Amino acid sequence: MPANVVVLGAGVSGLTTALLLARDSKYNVTVIAKHMPGDYNIEYASPWAGANYLPVAKPGTSSETYERGTWPELERIAEDLPEAGVHFQDTVIYRRAKDAGTATADWFAELIKDDAWFKDVVPNFRVLPKNELPEGMDGGTSFTSVCINTALYLPWLASQCLKYGAVIRRGVLSHVSDAATLHHSGKRADMIVNCTGLSSLKLGGVEDKALYPARGQIVIVRNDVNVMASVSGTDDGPDEATYIMHRAAGGGCVLGGCLQKNNWESQPDPNLAIRIMKRCVTLCPELVPKGKGIEALDIIRHGVGLRPMRNGGIRVEKDGLKGRDGESVNVVHNYGHGGYGYQTSYGASQAAQKLVEEMLQPKARL
Ligand SMILES: Cc1cc2nc3c(=O)[nH]c(=O)nc-3n(C[C@H](O)[C@H](O)[C@H](O)COP(=O)(O)OP(=O)(O)OC[C@H]3O[C@@H](n4cnc5c(N)ncnc54)[C@H](O)[C@@H]3O)c2cc1C
Ligand SMILES: *[C@@H]1O[C@H](CO)[C@@H](O)[C@H](O)[C@H]1NC(C)=O
Ligand SMILES: *[C@@H]1O[C@H](CO)[C@@H](O)[C@H](O)[C@H]1NC(C)=O
């Protein structure tokens with residue numbers, strides 16, 4: 001008899017964890033979430049992500065392990081599974097000395113190093129010689145990354161879960177213990193995996209005060225420019241950023257951005273949108289016809305997402321909770337993925353899968 005597992009959340013964290021468990025015949029998986037692939041909502045971070053693989057973890061942390069562990073799977077998907085909407089893109093990362101100490105430079109601290117820890121993880125890592133640096137840049141690197149079209153990739157993850165027998169249902173939980181009674185078998189769940197991101201601050205049970213939002217705003221435009229580039233900072237404010245990436249399979253070109261901590265505003269700021277477009281056109285003039293400015297950009301949509309940041313980093317942990325009904329529930333947490341939910345998705349989900357296995361093992365032996 002497989003163990004009954006309820007995965008809470010259908011963002012990249014929940015769906016990746018559900019997929020790893022569903023592929024394993026030891027588990028019978030139900031995914032329950034308020035928001036599903038196809039939805040655009042401020043409480044649902046995953047659709048708003050670029051998304052690309054630009055490691056930012058400090059060396060020696062578990063996040064480093066998760067980012068390391070994720071690259072091989074994203075590489076395999078980009079190589080072999082075109083239906084997933086993930087493609088390779090060569091990227092450049094530029095560093096300006098004057099950005100040192102700003103919020104954006106801190107966020108990118110590992111990313112912008114010439115001897116970055118991930119130089120042997122990604123293909124084609126190299127330090128850019130001075131003559132390849134645009135004006136105003138003091139250093140830079142380039143390597144091969146991926147860009148994920150989240151509008152294809154999230155539904156693809158959900159379809160993969162269905163293919164391996166998982167059941168996906170809408171549900172809004174007001175308390176932890178409710179999840180235990182929502183397995184599609186009708187039987188009590190043996191395990192809950194908590195992939196609720198940021199919005200679960202309101203969820204009854206343990207409220208994790210270490211969570212906070214870091215607002216990101218993007219502009220998605222139509223063009224054929226195959227560029228991925230990022231800069232360590234801007235002249236427009238310490239928590240603003242400049243990055244460009246082109247999503248696979250017609251997903252549009254993403255212009256970003258910012259990392260505004262503790263800002264919950266769900267609506268795009270039009271002034272910020274203009275600054276983002278101006279900076280991106282300055283960095284990459286090919287985004288518009290020669291001699292034109294941002295008025296020549298063909299905008300698909302503006303977007304705002306809240307990165308689920310967590311003091312102390314991603315939480316992948318075992319937990320035992322008492323539900324409202326007094327019954328105990330096995331829980332494995334996998335949340336708090338900040339601005340790196342895609343690039344840590346497989347590594348963190350593999351770690352969660354291992355904890356699920358450990359927690360259910362004693363029971364399986366009986
Ligand atoms: C502008 C922007 C750019 C980004 N770029 C990148 C990038 O390039 N690379 C990268 O790796 N990451 C990037 N990120 C970060 C990435 O988007 C997040 O880390 C990731 O999406 C978090 O996924 P999640 O599944 O943990 O949470 P979410 O996607 O927020 O999903 C949470 C799920 O839990 C459900 N849920 C919550 N509470 C309840 C409840 N009470 N009952 C039922 N369901 C509930 C929600 O409905 C949802 O399904 C970016 C983020 C933003 C905002
Ligand atoms: C999962 O549970 C459902 C409902 O009880 C059952 O029909 C199905 O056979 C189970 N799947 C596996 C792989 O045991
Ligand atoms: C899941 O994590 C959130 C924090 O994101 C917490 O508030 C909630 O109580 C947890 N749910 C479960 C089922 O443990």
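In this predicted model, Ala-249 has 64% relative accessibility and therefore counts as exposed, the cut-off being over 50%. Ala-249 sits in the loop between strand S10 (240-246) and S11. Its phi is positive, about 55°, although the residue is not a glycine. Asn-262 is a second case. This residue also has a positive phi without being a glycine, here about 60°. Asn-262 belongs to the loop between strand S12 (260-261) and helix H6 (270-283). Its relative accessibility is 53%, so Asn-262 counts as exposed. Most residues other than glycine have a negative phi, and most peptide bonds are trans.

Cis peptide bonds were also found. One runs from Gly-50 to Ala-51, with omega near -5°. Ala-51 lies in the loop between strand S2 (27-33) and H2. Another joins Gly-256 to Gly-257, with omega near 5°. Gly-257 is part of strand S11 (residues 253-258).

The overall fold was examined next. The protein contains seven helices and 15 strands. Its C-alpha trace spans about 70 × 40 × 40 Å along the principal axes. The radius of gyration is 21 Å, which agrees with the value near 21 Å for a compact globule of 366 residues. Of these 366 residues, 58% count as buried. Contacts between residues at least 6 apart in sequence were considered as well: 75% of them join residues at least 24 apart.

The chain is divided into two domains. Domain 1 comprises 3-47 + 151-210 + 311-365, and domain 2 comprises 87-145 + 212-310. Their centres, taken over C-alpha atoms, are separated by 31 Å. At the contact between them, 21 residues of domain 1 meet 15 residues of domain 2.

The second largest pocket has a volume of about 500 Å³. Its lining consists of 22 residues. Val-56, Lys-58, Met-309, Arg-310 and Tyr-340 lie nearest the pocket centre. Helix H2 (62-80), helix H3 (103-107) and strand S13 (298-310) are the elements that give two or more residues to this lining. By class, the lining has nine nonpolar, seven polar and six charged residues. Domain 1 and domain 2 both give residues to the lining, so the second largest pocket lies between them.

Key. Residues numbered from 1 in each chain as written. Chains lettered and ligands numbered in written order. Predicted model: local features only at pLDDT ≥ 70, side-chain atom pairs only at ≥ 80, totals over all residues. Heavy atoms only, no water. 1 Å grid on protein atoms, 1.4 Å probe; cavity = no way out; pocket = protein on both sides within 12 Å on 5 of 7 lines; lining within 4 Å. Points joined across faces, edges and corners; volume = space filled by probe spheres on them. Helix = DSSP H or I, 4+ residues; strand = E, 2+ residues; numbered from the N terminus. Nonpolar A, V, L, I, M, F, W, Y, C, P; charged D, E, K, R; others polar. Domains from an automatic or database assignment. Rg over C-alpha atoms; globule rule 2.2 N^0.38 Å. Buried < 20%, exposed > 50% of the residue type's maximum accessible area, 1.4 Å probe, protein only. Contact = heavy atoms within 4.5 Å.
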